[in-house]
Amino acid sequence: MNKHVGTSVSGAEGEDLSKNSEIHLDAGFMASVAGAVGTPFYCYSPEVIARAYEELSAALSPVDVSICYAVKANGNLAILQLLSRLGCGMDIVSGGELERVLEAGAPASRVIFSGVGKSASEIAKALVAGVHQINVESPAEFHLVADIAASLRRRAPVALRVNPDVDARTHDKISTGKKGDKFGVALSEVAGLFEAAAARPEIDMVGLAVHIGSQILDLAPYRHAYGVLADLVRDLRAKGHSVRRLDLGGGIGIAYGAQGAPEVSELAAIIDETLGDLGCALTVEPGRWLVGRAGALVTTVLYTKEAGDRMLAIVDAGMNDLMRPALYGAVHPLEVVRSAAGGEGQSYGLVGPVCESSDIFGLYDGLPTLSAGDLVAFRCAGAYSASMASTYNARDLVPEVFVSNGRFRIVRRRQTTAELLALEKDTTWHDIASSQAP
Ligand code: LLP
């Protein structure tokens, strides 16, 4: 079990040091929202998201870098609408995300289609929609995009995602830029694909893309990767190829609790130093940094009990609602929103109701006494929380709520079991020619 010390990021009352960059969880207000929508629920502050976008834009404006939000972090329509209205582009990885961003009103001309395994129908949909760029990750995908573009009589704007062979020094499961990782094209293959593009008029080879991983707290790997990219651009240009755009990926980390996180202005400085003189149009694709701190997962304590030498608080949110602790050993800061008993200095293991030993959020110290009915919240749950949720144990997807200035807005209502069951009703057998039967 993970141990997390110093859990409370902000008090429910009084001075809230993180107010500008994190959602504020007022006890009385949260209790009212919980009463209205039930727990668990995710709540997001649109102001905090907007502020993060403005801060990042301001930091990147001296280096003229545009921002495409990585929709996978949180694809809620209301969030996409908010960011799109602020002028943010979108980075998508599936046909579903394409539908989402278009539904949110984001122009296709500001959409980048990333992802290692795009299907033919997803590629066709993206070309028909007129996306800004498709980031291609293999020679096979390059030829498929060319064939589909030819059949649609369109020209595909393609960037090659390269694997720079750089260790992002983050969790192994979210590191993507090392040789042997499934992502990107090997450096040695890049020039050959630029050559191939010259023979395929339906491909407009616009440039290169790189993404080395996620939740990156040490900026040195960026410097390394962007240096590799700069060398590649010079090499390609020396061979007579044009490289107009560079997509620099996402991955910038946030502080989950006590550990520090890098300043985005430092990232801007690294971009300037390594790539500033190349004359390319630059884009970044952050997900977590824009929405992570703006959200919390609010949950009710169902029971407390002793387990060996520790106390457990069993809450009504489970690993299906917040998978990051089980999957990566991540620890989300815990805030006790409302404790009936009060007190301090207590330690609890916070666990969910799912029938898996890995349904554990962490061991938290310095808490008040918890009892059934108390309200607690896992902070930094704006990114990769709702978007990674599942219905395991037949648990319905829970609501997502915007909170702002004493009001709330349900931006995704609670799913019902009836809706899930409907997918499994009225089933029929279909006949297949006997030679294909199992
Ligand atoms: N661009 C590409 C091509 C990506 O694969 C990703 C994330 C991003 C941008 C955005 O990365 P961000 O700025 O959000 O770090 N589920 C994991 C994170 C997986 C990230 C996958 N790719 C987690 O909960 O930590």
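Tyr384 sits in the loop between strand 17 (375–379) and strand 18 (400–404); helices (H or I, at least four residues) and strands (E, at least two) are DSSP runs, numbered from the N terminus. Tyr384 is not a glycine, yet has a positive phi of about 55 degrees.

Some ground rules. This is a predicted model, in which local features need pLDDT of at least 70 and side-chain atom pairs count only at pLDDT 80 or more, while totals for chains, interfaces and linings use all residues. Residues are numbered from 1 along each chain as its sequence is written, and side-chain values use heavy atoms, with hydrogens and water left out.

Next, the domains. The chain is assigned domain 1 (3–44 + 292–417) and domain 2 (46–291), with bounds that come from an automatic or database domain assignment. Taken over C-alpha atoms, the centres of domain 1 and domain 2 are 32 Å apart. Their contact (heavy atoms within 4.5 Å) takes 30 residues from domain 1 and 26 residues from domain 2.

Now the largest pocket. On a 1 Å grid over the protein atoms alone, a pocket is an open set of points with protein on both sides within 12 Å along at least five of seven lines, a cavity is a set where a 1.4 Å probe fits but cannot get out, and lining residues have an atom within 4 Å of a point. Grid points are joined across faces, edges and corners, and a volume is the space filled by probe spheres set on the points.

The largest pocket holds about 780 Å³ of space. Of its 38 lining residues, Lys72, Thr176, Phe183, His211 and Tyr384 are the closest to its centre. Helix 10 (288–291) and helix 11 (324–328) are the elements that give two or more residues to this lining. Domain 1 and domain 2 each contribute at least three residues to the lining of the largest pocket. By class, that lining has 13 nonpolar, 13 polar and 12 charged residues; Ala, Val, Leu, Ile, Met, Phe, Trp, Tyr, Cys and Pro count as nonpolar, Asp, Glu, Lys and Arg as charged, and the others, Gly among them, as polar.

On to the cavity. There is one cavity of 30 Å³ or more, and the largest cavity has about 60 Å³ of space. Its lining includes Leu56, Tyr222, Gly250 and Pro286. Helix 2 (46–60) and helix 8 (220–238) each supply at least two lining residues. The lining of the largest cavity has eight nonpolar, three polar and no charged residues.

Helix 8 also packs against helix 7 (residues 187–198), at an angle of about 35 degrees and with axes 11 Å apart. Axes are lines fitted to C-alpha atoms, for helices over the stretch in contact, and angles run from 0 to 180 degrees between N-to-C directions. Leu187, Val190, Ala191 and Phe194 of helix 7 meet Val228, Leu232 and Leu236 of helix 8.

Lastly, the peptide bond from Thr39 to Pro40 is cis, with omega near -10 degrees. Pro40 lies in the loop between helix 1 (27–37) and strand 2 (41–44).
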